[in-house]
Amino acid sequence: MRAKPSLSWRFSSPNLPPERQAISDPRCRAIAARRVNFGRRRSILADTPAEQDERLETLYSYDILDTEAEADFDDIVELASNICETPVSLISLVDEKRQWFKARVGFEPHETALDQSVCSHAILDEGYTEIADMGADPRTSDNPLYVGDPRVKFYAGANLVAPNGQPIGTLCVLDTKPRTLNDFQRQALQTLSRHVMMQLELRKKIRIEAALRAEMDHRVKNSFQTIASLLRMATRKVQDPDAKDVLALVERRFGAVASLHSELMGQGGRSKVQTTSYLEQLNKLLAASAPDHVTIFCAAEPGELQAVQASALGMIVSEFVANSIKHAFVGDRAGEIKISLRRQEGAEGWLLECRDNGCGHAGAVSGADSTGLGRMLMATAAEQLNGRLTTDFSPEGALLRVCFRD
């Protein structure tokens, strides 16, 4: 395989030979009428595509113009150049007044004006364009790439066609001698052009999904804030102790759900959450509502939980903390609440431990409310985990354990 030198484009303007000055073919005369100035010479400008507005809108929807180089696209032009044995390969995107190169091999400029563009002609054809000798084709005989130095004489391009049928550019190869590609090279160039579009489509979908997630996250958080405010207002107005306990329980449950939502969004909308970051989120939520004389610690070994597991775990932790604050640290008694989540030794599962160093919980998991709802919710949450809940209470403090499998 011959070496592929990097070409330096100087665009000199030699005189045209006499046989190229007389244009008798009707198609050539029509093309000549569309020429634009290029120094002392004239360069043929391609027709404007029939659906130019839709085509440009499609191109801009990929948000790819003037972006940094990316290895995925650089690899494609390198492969195209090697397969076609050409010194130049480009991913060329045809804008309104320029062509811009997302990736390039053997070509220095990042973009050129359309009067230097062969790709702007190629996108007018169906699928694939090959010009064996640019000097013999009326579309390119006066192109600066051909009349300049070094003189490019060969062009082959496979259109980059979006799903809506609009061509936004080409994957093209160029050479400094007249030639043709064989069937395998043509097929490879067209296959690689489709791969370019797959990459563009993937990036577009990822960008759209990220924007939708951000909008959803914003709206959900606003809703959470509104509901939390309403709960606090209702709690202040209610006088009945049982009703206050129920509202406080709902607020804790709601806070655990909000924490889970934040963690899920941080994981890009996946159905699993990271144990360490989730416990950190939960710790911040619980610490914000704890009195100054009670300190809360949460720690977890690295791992993943299903969203439903994380929700149940959050409920158990929230209720234990509320229970401790209400019953174990009465008055201004100072103390600590420690939450840990770690792998069980010799088993494929987790061990959740919640403990405090308070004065005890009256010997039972009574919950933080007088209605027994907290106790019922913790039991239900343990069932959702398919886990086993045990408790141990003493004057030195309370300990709750839940063992559950992945």
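This is a predicted model: local features need pLDDT of at least 70, side-chain atom pairs count only at pLDDT 80 or more; totals for chains, interfaces and linings use all residues.
In helix H8, the buried residues are Thr275, Tyr278, Leu279, Leu282, Asn283 and Leu286. Looking down the axis of H8, these buried residues fall within an arc of 140 degrees, so they line one face of the helix. Lys284 and Ala288, on the other side of H8, are exposed.

H8 covers residues 275-289, which makes 15 residues. From first C-alpha to last, H8 reaches 22 Å, close to the 21 Å expected at 1.5 Å a residue.

What does H8 lie across? It lies across S10, strand S12 (335-343) and strand S13 (349-356), and H8 runs at about 170 degrees to S10.

That brings me to the sheet. It is an open sheet of 5 strands with mixed pairing, in the order S10-S12-S13-S15-S14. Strand S10 (294-300) and strand S14 (388-394) are at the edges with a single partner strand each, so one side of each has no neighbour in the sheet. On average, and ignoring direction, neighbouring strands of this sheet are turned by 10 degrees against each other.

For Ser394, the bridge partner in S15 is Gly397.

Last, a single residue elsewhere in the chain. Thr129 sits in strand S6, residues 128-131. Is Thr129 buried or exposed? Its relative accessibility is 5%, so Thr129 counts as buried. The side chain of Thr129 makes a polar contact of 3.3 Å with the side chain of Asp125. Leaving aside neighbours within four places in sequence, Thr129 is in contact with Ala122, Arg139, Tyr155, Ala156 and Gly157.

Note on methods
Residues are numbered from 1 along each chain as its sequence is written. Side-chain values use heavy atoms; hydrogens and water are left out. Helices (H or I, at least four residues) and strands (E, at least two) are DSSP runs, numbered from the N terminus. Buried means under 20% relative accessible area, exposed over 50%, partly exposed in between (1.4 Å probe, protein chains only). A polar contact is a pair of N or O atoms within 3.5 Å; within protein, one must be able to donate a hydrogen and the other to accept it, and residues adjacent in sequence count only if both atoms are side-chain atoms. Contact means heavy atoms within 4.5 Å. The expected span of a helix is 1.5 Å times one less than its number of residues. The arc is that of the directions from the helix axis to the C-beta atoms. Two strands pair if DSSP finds at least two bridges between them. Axes are lines fitted to C-alpha atoms, for helices over the stretch in contact, and angles run from 0 to 180 degrees between N-to-C directions.
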